[in-house]
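My plan is to go from the overall fold down to single residues.

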Amino acid sequence: MVDFLIGLFLATLIVALFTSRLYRLILWYSLNSMILGILALLIGQELDDRAMLITGAATILVKAVAIPYLLKNLSLKFHFVRQIQPEIKVQYAIILIPAILVFTFYLAEPITHMIHANANYVAISISSLFLSLLLMMEHRNVAPKIIGFLSMENALFLLGVTATEGMPMLVELGIFFDLLMAIVVINLLFHNNEEVNL
């Protein structure tokens, strides 16, 4: 079940890279965060880790519900452009994404010997990090860049949960980072709205 959810986590991120509508991008981020929260709940249940269970529930509430709701409301309020065409052409993205996946599987091999973790989990976490960076780079609008940055945090969260079998301190810092990011999101959106009005 954990393997299936991690594969689904990566799949939602790949689909988000090809999305050209803002609301669909927010939806894919929400699903990505929901899968991450369920994954944390499953691992917490397997390890009998109460902190991980609380973190999984908080992840679902904050990242899968609150942040997408906030983003959607602010995009409606400030009339953001709903059509977000990626700067990277589709044919280049189709070549680039598998190249990133292959590269990260080779990159993760020596790392897993040092930390004694599952090589696939580490590789998918690192590739999710690079794909999130690609999501930030391929858009000029502020909202997709914010979602890309939040997706990078999801990838780091996944790495912490799967590679270390649930580091409570890292998980708690991840939740606080999400709350900080919510404030950053609001500030960036307000700043962007002021520039548009000028």
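What share of the contacts in the chain with a separation of 6 or more comes from residues 24 or more positions apart? I looked it up, and the share is 73%. I note here that the model is predicted.

**Entry 1: the fold**

I counted the elements next. The chain has seven helices and zero strands. Read from the N terminus, the order is α-α-α-α-α-α-α. I then checked burial. Of the 198 residues in the chain, 46% are buried.

**Entry 2: helix 2 against helix 3**

I picked one helix pair to look at. Two packed helices are described by the angle between their axes and the distance between the axes. For helix 2 (residues 22-47) and helix 3 (residues 50-77), the axes come within 7 Å. They cross at roughly 170 degrees. Angles over 145 degrees count as roughly antiparallel, so helix 2 and helix 3 are roughly antiparallel to each other. I sorted the residues of this contact by class: 19 are nonpolar, eight polar and two charged.

I also looked at the loop between helix 2 and helix 3, where Asp48 is found. Asp48 is not a glycine, yet its phi is positive, at about 55 degrees. Its relative accessible area is 69%. Exposed means over 50%, so Asp48 is exposed.

**Entry 3: the nonpolar cores**

Which residues touch the most other members of the largest nonpolar core? I found Ile6, Leu39, Leu131, Ile147 and Leu158, in a core of 40 residues. Helix 1 (2-17), helix 2, helix 3, helix 4 (90-115), helix 5 (119-137) and helix 6 (142-163) each supply at least two residues of this core. Helix 2 gives the most, with nine residues.

I followed Ile6 further. Leaving aside neighbours within four places in sequence, Ile6 is in contact with Leu39, Tyr121, Ile124, Leu158 and Thr162.

I then checked Val161, which sits in helix 6. Val161 has 2% relative accessibility. Buried means under 20%, so Val161 counts as buried. Val161 and Leu39 are 122 residues apart in sequence. In space, their C-alpha atoms are 8.6 Å apart.

**Entry 4: the salt bridges**

Side chains of opposite charge can pair when their charged atoms come close. How many salt bridges does a search of the whole structure find? The search finds two.

Lys63 is in helix 3 and Glu153 in helix 6, 90 residues apart, and the pair links distant parts of the chain. Are Lys63 and Glu153 buried or exposed? Both Lys63 and Glu153 are buried.

Arg140 and Glu87 form the other bridge, with the closest N and O atoms 3.6 Å apart. This pair also links distant parts of the chain, 53 residues apart. I placed Arg140 in the loop between helix 5 and helix 6, and Glu87 in the loop between helix 3 and helix 4. Arg140 has a relative accessible area of 69%, so I logged Arg140 as exposed. Glu87 has 44%, so I logged Glu87 as partly exposed.

How values were computed
Residues numbered from 1 in each chain as written. Predicted model: local features only at pLDDT ≥ 70, side-chain atom pairs only at ≥ 80, totals over all residues. Heavy atoms only, no water. Axes fitted to C-alpha atoms, helices over the stretch in contact; angles between N-to-C directions. Helix = DSSP H or I, 4+ residues; strand = E, 2+ residues; numbered from the N terminus. Parallel < 35°, antiparallel > 145°, perpendicular 65-115°, else oblique. Nonpolar A, V, L, I, M, F, W, Y, C, P; charged D, E, K, R; others polar. Core = buried A, V, L, I, M, F, W, Y, C linked by side-chain atoms within 4.5 Å. Buried < 20%, exposed > 50% of the residue type's maximum accessible area, 1.4 Å probe, protein only. Contact = heavy atoms within 4.5 Å. Salt bridge = Lys/Arg side-chain N within 4 Å of Asp/Glu carboxyl O.
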